[in-house]
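Hi,

Here is the structure I said I would pass on to you. Have a look at it first, and then read my notes below.

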Amino acid sequence: MIVITGASSGLGAALAQHYSAAGDEVCLVGRDSQRLTQLSESLPGKAQWHSVDLTCESQVAALFDSLPTTPTTLLHCAGSGLFGAFEQHSEAQIRQLLDNNVLTAALLLKQVVSRYRDTSMQVGVVMSTAALKAKANEVAYCGAKWAVRGMVESLRAELKASPLRLVGIYPGGMDTGFWQHDDSRDYLDASVFMSADDAAAMVVQGLAACDRGFISDITISRG
Ligand SMILES: NC(=O)c1ccc[n+]([C@@H]2O[C@H](COP(=O)([O-])OP(=O)(O)OC[C@H]3O[C@@H](n4cnc5c(N)ncnc54)[C@H](OP(=O)(O)O)[C@@H]3O)[C@@H](O)[C@H]2O)c1
């Protein structure tokens with residue numbers, strides 16, 4: 001079973017479609033029940049979905065308690081953005097950004113390590129090229145994604161002798177609902193970005209290649 005967070009839209013939904021078409025059972029995680037239902041009903045293969053706010057530790061733990069089998073792969077795509085002039089962001093916006101990106105990754109990874117440290121399993125954490133380089137107009141977002149990268153890389157060092165493999169995934173811009181929020185619309189034209197489907201195909205290929213070794217990081221640059 002492949003567990004995918006952020007599966008109710010964008011990259012997560014595209015990954016679910018790729019894995020389901022290849023015959024894998026998928027477990028879709030997001031908050032929007034309506035979109036999760038629609039996606040699970042449209043997939044060719046076996047699918048279950050869970051509406052979970054990943055910023056809530058008890059909900060994250062309950063998600064793992066409810067899984068019928070140990071996942072072979074877990075892909076953490078959930079996240080959100082915040083762009084434009086840093087000094088204009090409100091405290092609430094900054095908190096929400098940090099919660100959706102940093103706290104979700106921390107709570108998820110905590111469950112993963114405590115349950116599956118000795119299990120052969122792939123865990124891909126989607127960050128962004130914003131976790132690799134500084135970008136103007138993305139101050140808070142870069143900060144959040146760099147924080148996630150710090151956790152992933154430190155945890156990987158801690159898991160050196162473990163069969164649990166942590167893969168860092170760093171996509172460039174994708175044309176998804178991510179950019180439809182008020183603070184992002186004026187900031188750039190996402191229609192020139194790659195599609196979530198194209199990015200998902202490259203992630204799936206990269207993770208499959210890990211079977212023949214360990215690709216620790218997948219960076220997908222925009223052409
Ligand atoms: N789009 C880009 O250009 C781009 C580029 C590089 C990296 N990324 C990263 O790629 C990942 C996926 O982005 P996307 O473009 O697919 O965005 P998206 O279409 O906006 O999807 C974001 C997903 O995250 C889920 N989510 C957010 N906060 C959550 C929370 N607290 N609990 C549970 N689920 C939560 C959303 O669930 P609900 O809608 O159900 O609430 C949604 O399924 C994100 O981490 C993003 O930072 C995006």
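**Two helices side by side**

Let's start with a pair of helices: the axes of α4 (residues 91-116) and α5 (residues 139-158) come within 9 Å and cross at roughly 10°. Angles under 35 degrees count as roughly parallel, so α4 is roughly parallel to α5. Keep in mind as you read that this is a predicted model.

Which residues of α4 and α5 meet? On the α4 side they are Ile 94, Leu 97, Leu 98, Asn 101, Val 102, Ala 105, Ala 106, Leu 109 and Val 113. On the α5 side they are Ala 140, Tyr 141, Ala 144, Lys 145, Ala 147, Val 148, Met 151 and Leu 155. By class, the residues of this contact between α4 and α5 divide into 15 nonpolar, 1 polar and 1 charged.

**The core**

Next, the inside. The largest nonpolar core has 57 residues. Ile 4, Leu 11, Leu 15, Ala 16, Leu 28 and Val 125 are the ones with the most contacts inside that core. Take Leu 15 as an example: leaving aside its neighbours within four places in sequence, Leu 15 is in contact with Ile 4, Leu 75, Cys 77, Ala 200, Val 203 and Val 204.

**A few single residues**

I also picked out some residues one by one.

- Ser 66 is found in helix α3 (residues 57-66). Is Ser 66 buried or exposed? It is exposed, because it has 11 other C-beta atoms within 10 Å and the cut-off for exposed is 12 or fewer. Its C-alpha atom is separated by 16 Å from that of Ser 114, 48 residues apart along the chain.
- Ala 22 lies in the loop between α1 and β2 (26-30). With 12 C-beta neighbours inside 10 Å, Ala 22 also counts as exposed. Ala 22 and Leu 166 are 144 residues apart along the chain, and their C-alpha atoms are separated by 22 Å.
- Asn 137 is in the loop between β5 (121-126) and α5. Asn 137 has a positive phi of about 70°, although it is not a glycine. It has 14 C-beta neighbours inside 10 Å, so Asn 137 counts as partly exposed.
- Gln 48 is part of strand β3 (residues 47-51). Gln 48 counts as partly exposed, with 16 C-beta neighbours inside 10 Å. From C-alpha to C-alpha, Gln 48 is 8.8 Å from Val 29, and the two are 19 residues apart in sequence.
- His 181 has its place in the loop between β6 (164-171) and α6 (182-185). With 13 C-beta neighbours inside 10 Å, His 181 counts as partly exposed. His 181 and Trp 146 are 35 residues apart in sequence, and 22 Å apart in space, C-alpha to C-alpha.

Cheers

Terms used:
Residues numbered from 1 in each chain as written. Predicted model: local features only at pLDDT ≥ 70, side-chain atom pairs only at ≥ 80, totals over all residues. Core = buried A, V, L, I, M, F, W, Y, C linked by C-beta atoms within 7 Å. Buried ≥ 20, exposed ≤ 12 C-beta atoms within 10 Å, placed from the backbone. Contact = placed C-beta atoms within 7 Å. Axes fitted to C-alpha atoms, helices over the stretch in contact; angles between N-to-C directions. Helix = DSSP H or I, 4+ residues; strand = E, 2+ residues; numbered from the N terminus. Parallel < 35°, antiparallel > 145°, perpendicular 65-115°, else oblique. Nonpolar A, V, L, I, M, F, W, Y, C, P; charged D, E, K, R; others polar.
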